[in-house]
Amino acid sequence: MITEISKAQLLALQVGRLKDQGRVDHTHVSMLKMNNVWVALETARKARDILGANGIVDDYCVMRHMNNLESVSTYEGTHDIHKLVIGERITGIPAFE
């Protein structure tokens, strides 16, 4: 889990650096959001699994984090929308008109 979190942090750092240099593209932001929300959800799911039955009780905050992440996944845009944005950048074929 720590490896995935570290990779997500490095991706965010790189996109931030590109933004500071005026070189960031909206597809970079889509890649960042798509990846980092997925990493956060997967990490929370693994943490819940590690805790077993305790992973779903109020004594631990894993389920609260998972619920928050599900809402982030929705309002940051779904994986499919980000994939369409990235695909347009790669292929030049617009997904939206």
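Start at Leu51, which lies in helix H2. The model around it is predicted. Is Leu51 buried, exposed or partly exposed? Its relative accessibility is 28%, so Leu51 counts as partly exposed. A residue is called buried under 20% and exposed over 50%. Leave aside the neighbours of Leu51 within four places in sequence, and Leu51 is in contact with Tyr60 and Val62. Take Val62, which sits 11 residues from Leu51 along the chain. The C-alpha atoms of Leu51 and Val62 are separated by 9.0 Å.

Now look from the side of Val62. Again leaving aside neighbours within four places in sequence, Val62 is in contact with Ala44, Ala47, Arg48, Leu51 and Gly55. Val62 also belongs to the largest nonpolar core. Which residues make up that core? There are six: Val37, Leu41, Ala44, Val62, Met66 and Leu69. H2 and helix H3 (62–75) each supply at least two residues of this core.

Next, follow helix H2 itself, residues 26–51. H2 has 26 residues. At 1.5 Å a residue they should span 38 Å, and the end C-alpha atoms of H2 are 38 Å apart, which agrees. Several residues of H2 are buried: Thr27, Ser30, Leu32, Met34, Val37, Val39, Leu41, Thr43 and Ala44. What do the buried residues of H2 pack against? Their partners are helix H1 (2–20), H3 and H4. Just after H2 comes Gly52, which takes a positive phi of about 60 degrees.

Ser30 is found in helix H2. Its relative accessible area is 7%, so Ser30 is buried. Not counting residues up to four places away in sequence, Ser30 touches His82, Val85 and Ile86. Those three residues are the buried residues of H4. They cover an arc of only 90 degrees around the axis, which puts them on the same side of H4. Helix H2 is included in what covers them. Turn to the other side of H4, and Asp80 and Thr91 are exposed.

How many residues does H4 have? Helix H4, residues 79–91, has 13. From its first C-alpha to its last, H4 reaches 18 Å, close to the 18 Å expected at 1.5 Å a residue. Gly92 follows H4, and the phi of Gly92 is positive, near 85 degrees.

Step back to the whole chain. Its secondary structure comes to four helices and zero strands. From the N terminus on, the elements run α-α-α-α. Along its principal axes, the C-alpha trace spans about 50 × 30 × 15 Å. How does the radius of gyration of the chain stand against that of a compact globule? A compact globule of 97 residues would have a value near 13 Å, but the chain has 16 Å.

Buried residues make up 22% of its 97 residues. The accessible surface comes to about 6800 Å², and carbon and sulfur atoms account for 57% of that surface.

Last, consider the contacts along the chain.

Methods
Residues numbered from 1 in each chain as written. Predicted model: local features only at pLDDT ≥ 70, side-chain atom pairs only at ≥ 80, totals over all residues. Heavy atoms only, no water. Expected span 1.5 Å × (residues − 1). Buried < 20%, exposed > 50% of the residue type's maximum accessible area, 1.4 Å probe, protein only. Arc of directions from axis to C-beta. Contact = heavy atoms within 4.5 Å. Rg over C-alpha atoms; globule rule 2.2 N^0.38 Å. Areas by Shrake-Rupley, 256 points an atom, 1.4 Å probe, with all protein chains shown as cover. Core = buried A, V, L, I, M, F, W, Y, C linked by side-chain atoms within 4.5 Å.
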